[in-house]
Amino acid sequence: MDGFEDENPFETEPERNHSDTSSSSRVAVSEPPSPLPHPSRPLSSPPQSPSSRRPIFPSQGSHRQPQTYKSDFCCARDQWLHSGEDVEILIVDAVKTTVNSNFPYITYVLRAGNSSAHHRYSEFESLRLNLVKLYPTLIIPPIPSKQTIGDYAIKQAKAKEDAAMIARRKRMLQTFLNRVARHPILSNEHVFHRFLDGEVSWSEVLHSPPLSLLPKNILKAPSHNPTDQSTFPAYAALPNPSAAHPLRRPDQRFLDSEVFTNKFAAHLGGPMEKVTRRSMKRWSDYAQDHSELGATLNGFSLNESGQLSIAVEKTGQAIDATYMSTTTLLQEFEQDWAEPLHEYSQFADIIKKLLVYRHQKHVQYEMTQDQLEAKREQLEELERSEREARRLEEALGQGRVSSLSTSRVGKPAGDDESGAEGSTADEHDAADAPQPEPSVYLPPHPGPSPIKRRAPGMGLLSALSYTMHGMMDVDPETARRNNISKTRETISQLEDALHLAAQDLKYSSSTIQADLDRFQRQKVADLREMTISMARSHRDWCRKNLAAWEEAKAEIAKISDHPNRIPDDAANKTTRRDSTATINGR
């Protein structure tokens, strides 16, 4: 396996290192590398509403790596994606339609440059599934999960028309498209370009190459090009291993990646999501309480007059402002924290499957090695038996020749002359020819004659009987030589299969490790953007509430003192006198 080149599709040509140490110098996924430099938004930027602000995911820090100059564009969408500008795919609307269907469904309107396309959720799902098959060694971004059975049970027919669910899908599907568009390899896929093009039927894309050439079993196809049909016969000889099959010589890098991914998934799916759900519920309850309290105070202000009424009304307005800012904070918290957190828990599951695929490729390589060694040992045994049989045959042949010469030397001359007088020349030649001895060599039994008349109704049984006799009465020398020929052919096929398995393992390890490094950089940048966005949302919430309560405080300060209220100086003197009297009374 050391003879194959290490193909890393993520490396640009000037950075490619042709030395053999390229695999050991990669960054391990368990050790997060520093993020790519990117311009972050200042904390002092003015607050924006959730509807008008620009989506932060994928973050600017996770933009695709600098690419070499590309001039061979396959279509207009390819040229737009690789124009060098900060392009972004938008999902601008979600409409209800019944086109090509007897039942209504939701279709999402996406815009890529000057192109517009309509796709339903199942088409997004099929796009991602086919990208997984086309690129089994890459981390394909996730899409929002389907509705649960509980949602359908609670909302029944309205589950597919839930406004909150549709808005969430719009955001997450847009994030999915932009992650694919910014991937250094997936952005070049023409299937993705055709998905963005509204003039192409997606059903036609699914039934045309390369998607129509995908194999049923992705393990029986090359990792770098699963649609290459010329290699299918060679890959058919490879075994189909299970994910639980152990490895004799595992790669420590991917063991560390698997351990780190399991910890990451457990932390995201456990404490992080639980705390996030609990926090969102508490913020929601907090906003609801302020909504009710603000309405109550605004109604109470109508029963008062003068400055007190104005102060109570201003306090109710401050509470209403707190309710509105809390609702905005809750929306931003869901979009900029909860949804990306759920997306990264999906990423963890995707990476697990990717590592399982690489594990199966490694097992496939080791199993092919084992089969090849077993067949070579079998060939050695057969060749040893063949040599023993030839040596025995030569010994028996020498024994027959020596016995015939001895019989000729010991026979009297008169017998030969009398025999010659009573026979013709042909009989004399036949008598002098060496005859095989029955005790030394027996010809194989020819088996039952195929032209023998069979009894009526016994055709199938007679045919089976004849076949079994032919199998049992076969010449052992012929069977052994046929077995040797078949074993050599199988060894040749396994050698080719081992070459392909080694090449696949090399490519898979290199590509998966490179994509893990790219994903790690993107994860660091996204988490940084998530925390900054959360801090910015809380800061804006505090600013809005502070301004509203400052206004309420100013109105409350204008309320005149109550006529029966004791002045502050008199109240202080009374308190001190009472304290002194209490002490003297003791």
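Ser71 lies in the segment that comes before helix H1 (76-81); helices here are DSSP runs of H or I with at least four residues, strands are runs of E with at least two, and both are numbered from the N terminus. With a relative accessibility of 53%, Ser71 counts as exposed. The cut-offs are simple: buried is under 20% relative accessible area, exposed is over 50%, and partly exposed is in between, using a 1.4 Å probe and protein chains only. Ser71 and His82 are 11 residues apart in sequence, and their C-alpha atoms are 9.6 Å apart in space.

Before going on, please note that this is a predicted model, where local features need pLDDT of at least 70 and side-chain atom pairs count only at pLDDT 80 or more, while totals for chains, interfaces and linings use all residues. Residues are numbered from 1 along each chain as its sequence is written, and side-chain values use heavy atoms, with hydrogens and water left out.

## The chain as a whole

The protein chain has 14 helices and three strands. Of its 586 residues, 36% are buried. Among contacts with a separation of 6 or more, 75% join residues 24 or more positions apart; a contact means heavy atoms within 4.5 Å.

How many disulfides does the structure hold? It holds zero, where a disulfide is a pair of cysteine sulfur atoms within 2.5 Å. The closest cysteine sulfur to that of Cys74 belongs to Cys75, and at 3.8 Å it is too far for a bond. Cys75, likewise, is in no disulfide. Cys74 is partly exposed at 41% relative accessible area, and Cys75 is partly exposed at 22%.

## A buried threonine

Thr137 sits in the loop between helix H2 (121-134) and helix H3 (149-155). Setting aside neighbours within four places in sequence, Thr137 contacts Ser223, Leu354, Tyr357, Tyr507, Ser508, Thr511 and Ile512.

## H2 beside H4

Two packed helices are described by the angle between their axes and the distance between the axes. The axes of H2 and helix H4 (residues 163-181) come within 12 Å and cross at roughly 30°. Axes are lines fitted to C-alpha atoms, for helices over the stretch in contact, with angles from 0 to 180 degrees between N-to-C directions. H2 is therefore roughly parallel to H4; angles under 35 degrees count as roughly parallel, over 145 as roughly antiparallel, 65 to 115 as roughly perpendicular and the rest as oblique.

On the H2 side, the contact is made by Tyr121, Phe124, Leu127, Arg128 and Leu131, and on the H4 side by Arg169, Leu173, Phe176, Leu177 and Val180. These residues divide into eight nonpolar, no polar and two charged. Here Ala, Val, Leu, Ile, Met, Phe, Trp, Tyr, Cys and Pro count as nonpolar, Asp, Glu, Lys and Arg as charged, and the others, Gly among them, as polar.

## H8 beside H13

Helix H8 (residues 252-301) and helix H13 (residues 476-557) have axes that come within 14 Å and cross at roughly 20°. That makes H8 roughly parallel to H13.

Which residues meet here? From H8 they include Phe254, Phe260 and Trp283, and from H13 they include Ile512, Leu516 and Trp541. The contact of H8 with H13 divides into eight nonpolar, five polar and two charged residues.
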